[in-house]
Structures are given as structure tokens and as C-alpha cells.
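Please look over the chain shown below before reading on.

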Amino acid sequence: MSSPSKRREMDVMKLMMSDYNVETINDGLNEFNVKFHGPKESLYEGGVWKIRVELPDAYPFKSPSIGFVNKIFHPNVDELSGSVCLDVINQSWSPMFNLLNIFEVFLPQLLLYPNPSDPLNGDAASLMMKDRKQYDQKVKEYCERYAKKEDITKSAADKETDDEDDITDEDTGSSDDEIAGHADP
């Protein structure tokens, strides 16, 4: 059980057997998404994020790549890419850590204790240091807007077409009852 591939399988299986919803990408164990809930008693409580995990070939000797798929307002998460700035993942990773550590300890700690002095999102860091009340409000707005269960089940393309989907059959004058191939007058 000492080879990296066996360890990868074991860690991914542990994550799948825990309370986390794991969705593999390309039928492999190198890339997958995990449904992650904001920690209780935090500004992020009630939020649900899809976290993309990419395991390098050298995992667990090399750290996984972790990123938020749906938006989050946080000083240590890049708003555009979702990349996470977390020392324990980026710099001090050890093979002693596993995927459960990331979702049960590291990410909750990141959300509970943001570090505005080492930001990936300068706007969030600046707002947090200058106006904590406004920062808290913006975090909650992002949770409401981008971190609901339905947000993690949709792809980005689905979200862009949502506005078009709001058009009903009555608006277009069409109906499912019409005969296929029937010419419009």
C-alpha cells in the first residue's frame, strides 16, 4: 500500500465514503469535484461550493490542486480562477495529510480565519481590513448569489442560458401540442 497510486485510490475512496459528494471527471481518480458546505457559525454557513481537486501523479508526495468552481468572496481565494492560497496545501504539504484533512480541517479553517495580509483577492482583503461590516455583507451576498445547491449542479454554460430559459411557451407563441413540421402562419 506504499505506492502513490494505491494511496490515491485509498484517499479518494475515504472521501467518497465520508459525507462528501464526490463527482469524478473523465472516469479517473486524478480529477474530481467535491460538494463542500460552508462551516457552521461562519459567514459562509449555508453556502455550498463545488471544489475541483486535481491530484498530481506524485500524490501524496506532491500536494493536490484545489479550487472553488463557483464564486466565493474571500481574501485568500482568487475570484476569477477559484485558486486557493493556503500554506498547508501550497507550501507545507506532507504525505501525512490526506484529502479528508483538506475538507474537514484546511478549507473550514481557511473560511473561518481569512488572512487579508496574504491575499489572492485584493478587493476582499482591502474591504475586510477597512470596513468589516461591509465585507461581511458582501460575503453573505456572494453566498446567496453563487453558493446555493442549485449553483453547483449547473455548469457555467447552463447559467448563461438561464435568462433565455425564462421565456415561456406563451411568450413565444409556440406549444408542445403543435404538430412537428407544421409551418407557422
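Which pattern does the chain follow when read along the sequence? The pattern is α-β-β-β-β-α-α-α-α-α-α-α. This is a predicted model, in which local features need pLDDT of at least 70 and side-chain atom pairs count only at pLDDT 80 or more, while totals for chains, interfaces and linings use all residues. Residues are numbered from 1 along each chain as its sequence is written, and side-chain values use heavy atoms, with hydrogens and water left out.

**The chain as a whole**

The secondary structure comes to 8 helices and 4 strands. Helices (H or I, at least four residues) and strands (E, at least two) are DSSP runs, numbered from the N terminus. Of the 185 residues of the chain, 39% count as buried. Buried means under 20% relative accessible area, exposed means over 50%, and partly exposed lies in between (1.4 Å probe, protein chains only). A contact means heavy atoms within 4.5 Å. Among the contacts in the chain with a separation of 6 or more, 56% come from residues 24 or more positions apart.

The 4 strands form an open sheet in the order 1-2-3-4, and the pairing is antiparallel. Strand 1 (22–24) and strand 4 are the edge strands, since each pairs on one side only. On average, neighbouring strands of this sheet are turned by 25° against each other, direction ignored. Angles run from 0 to 180 degrees between N-to-C directions, and axes are lines fitted to C-alpha atoms, for helices over the stretch in contact. Two strands pair if DSSP finds at least two bridges between them. Strands of a sheet pair through backbone hydrogen bonds, either parallel or antiparallel.

| Strand pair | Bridges and direction |
|---|---|
| Strand 1 and strand 2 (residues 31–37) | 3 bridges, antiparallel |
| Strand 2 and strand 3 | 7 bridges, antiparallel |
| Strand 3 (residues 48–54) and strand 4 | 4 bridges, antiparallel |

Some partners can be followed across the sheet. Glu 23 stands opposite Asn 33 in strand 2. The bridge partner of Asn 33 in strand 3 is Arg 52, and the partner of Arg 52 in strand 4 is Gly 67. Lys 35 stands opposite Lys 50 in strand 3. Strand 3 is mostly covered, as 5 of its 7 residues are buried. The hairpin of strand 1 and strand 2 has 6 residues between the strands, and there Asn 26 takes a positive phi near 60°.

**Phe 68 in strand 4**

Phe 68 lies in strand 4, and Ile 51 stands opposite Phe 68. Is Phe 68 buried or exposed? Phe 68 is buried, because its relative accessible area is 4%. Leaving aside neighbours within four places in sequence, Phe 68 is in contact with residues including Trp 49, Ile 51, Val 77, Val 84, Leu 107 and Leu 111. Phe 68 and Asp 78 are 10 residues apart in sequence and 8.8 Å apart in space, C-alpha to C-alpha.

**Helix 1 against helix 3**

Two packed helices are described by the angle between their axes and the distance between the axes. The axes of helix 1 (residues 4–17) and helix 3 (residues 99–112) come within 8 Å and cross at roughly 40°. Helix 1 and helix 3 are therefore oblique to each other. Angles under 35 degrees count as roughly parallel, over 145 as roughly antiparallel, 65 to 115 as roughly perpendicular and the rest as oblique. Helix 1 makes the contact with Asp 11, Val 12, Lys 14 and Leu 15, and helix 3 with Leu 99, Leu 100 and Phe 103. By class, this contact of helix 1 with helix 3 has 5 nonpolar, no polar and 2 charged residues. Ala, Val, Leu, Ile, Met, Phe, Trp, Tyr, Cys and Pro count as nonpolar, Asp, Glu, Lys and Arg as charged, and the others, Gly among them, as polar.

An unreviewed UniProt entry lists Cys 85 for "active site". UniProt positions are given in the numbering used here, feature names are shortened, and annotations may be inferred rather than shown by experiment. Cys 85 is in the loop between strand 4 (65–68) and helix 2 (87–90). At 18% relative accessibility, Cys 85 counts as buried. Not counting residues up to four places away in sequence, Cys 85 touches Asn 76, Asn 90, Leu 110, Asp 118 and Leu 120.

Pro 119 lies in the loop between helix 3 and helix 4 (122–130). Pro 119 counts as partly exposed, because its relative accessibility is 38%. Apart from neighbours within four places in sequence, Pro 119 is in contact with Pro 75, Asn 76 and Ala 125. Pro 119 and His 74 are 45 residues apart in sequence and 8.6 Å apart in space, C-alpha to C-alpha.
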